[in-house]
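Q: I would like to learn how to read a protein model. Please take me through it feature by feature.

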Amino acid sequence: MSLRNVPLAVDHDQDKSTLFTPDIRAQIDASIAMYPPEWKQSAVMPALTIVQDANGGWLTQALMDDVAAYLDMPPLAVYEAATFYGMYDLEPHGRHKVCVCNSISCLLQGSEDIIEHVERRYGVKPGETTEDGRFTFKEVECLGACRHAPVVLADKAYHENLSPDALDKLIDDLE
């Protein structure tokens, strides 16, 4: 996917570059400290996660630019990380995020059935949010839990060996 086709969610009314509070900077600095000083850009993923969480679960272009400036790296390198990894969102999403793994292990164990079930039952395709704003459905490349496939990440909690019925219960319990 080329960056020219990826919306960067530029919304200057939502520009929260003041989001870089002392607490946010301290959290990012703690991540930076895990790397040699000349490799501080290695903290880009933790920095994006910290900023995304503080911004209600999504990243604006202005926030990604702030991360780039803070880590002394080109903004394009930050955009590449934010658009490559499925855990980052460049648009607001529902109150909850339900991510279904589509890696080969999960596909062989039924994730395709789960994806089709969500599309039929809840009327959303990957990348869409339910009409009531309750959850955004995402299909992600790998959740790293192949042994217990199929796997779903609901908000920040892993759920393994899921069936469509088990997913329905999980979604019912989200509120």
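Q: What covers the buried residues of α3?
A: Start with the terms. Helices (H or I, at least four residues) and strands (E, at least two) are DSSP runs, numbered from the N terminus. Buried means under 20% relative accessible area, exposed over 50%, and partly exposed in between (1.4 Å probe, protein chains only). Contact means heavy atoms within 4.5 Å. Now the case: the cover over the buried residues of α3 includes α2 and α4 (75-84). Those buried residues are Ala 62, Leu 63, Met 64, Val 67 and Ala 68.

Q: What should I know about the model itself?
A: This is a predicted model: local features need pLDDT of at least 70, side-chain atom pairs count only at pLDDT 80 or more, and totals for chains, interfaces and linings use all residues. Residues are numbered from 1 along each chain as its sequence is written, and side-chain values use heavy atoms, with hydrogens and water left out.

Q: How many helices and strands are in the chain?
A: The chain has seven helices and four strands. From the N terminus, the elements run α-α-α-α-β-α-α-β-β-β-α.

Q: What share of the chain's residues is buried?
A: Of the 175 residues, 42% are buried.

Q: How many bridges join β1 to β2?
A: Six bridges join β1 (residues 96-101) to β2, and these strands run parallel. Val 98 has Phe 137 as its bridge partner in β2. Lys 97 stands opposite Thr 136 in β2.

Q: In what sense do β1 and β3 pair, parallel or antiparallel?
A: β1 and β3 pair in the antiparallel sense, over three bridges. Cys 99 has Leu 153 as its bridge partner in β3.

Q: Which residues of β1 are buried on each side?
A: The general idea comes first. In a regular strand, side chains alternate between the two faces of the sheet. In β1, His 96, Val 98 and Val 100 are buried on one side, and Lys 97, Cys 99 and Cys 101 on the other. That is six of six residues buried.

Q: Is Ser 31 buried or exposed?
A: Ser 31 is buried, because its relative accessible area is 10%. Ser 31 lies in helix α1 (residues 22-32). Leaving out residues up to four places away in sequence, Ser 31 touches Ala 43, Pro 46 and Ile 50.

Q: Where does Gly 56 lie?
A: Gly 56 is in the loop between α2 (44-54) and α3 (61-70). Gly 56 has a relative accessible area of 59%, so Gly 56 is exposed.

Q: Which residues have a positive phi although they are not glycine?
A: Most residues other than glycine have a negative phi, and most peptide bonds are trans. Asp 72 has a positive phi of about 55 degrees. Asp 72 sits in the loop between α3 and α4 and is exposed at 54% relative accessible area. Asp 155 also has a positive phi of about 55 degrees. Asp 155 is in the loop between β3 and β4 and is partly exposed, at 32% relative accessibility.

Q: Which residues does a cis peptide bond join?
A: A cis peptide bond joins Ala 149 and Pro 150, with omega at about 0 degrees. Pro 150 is in the loop between β2 and β3.

Notes
Two strands pair if DSSP finds at least two bridges between them.
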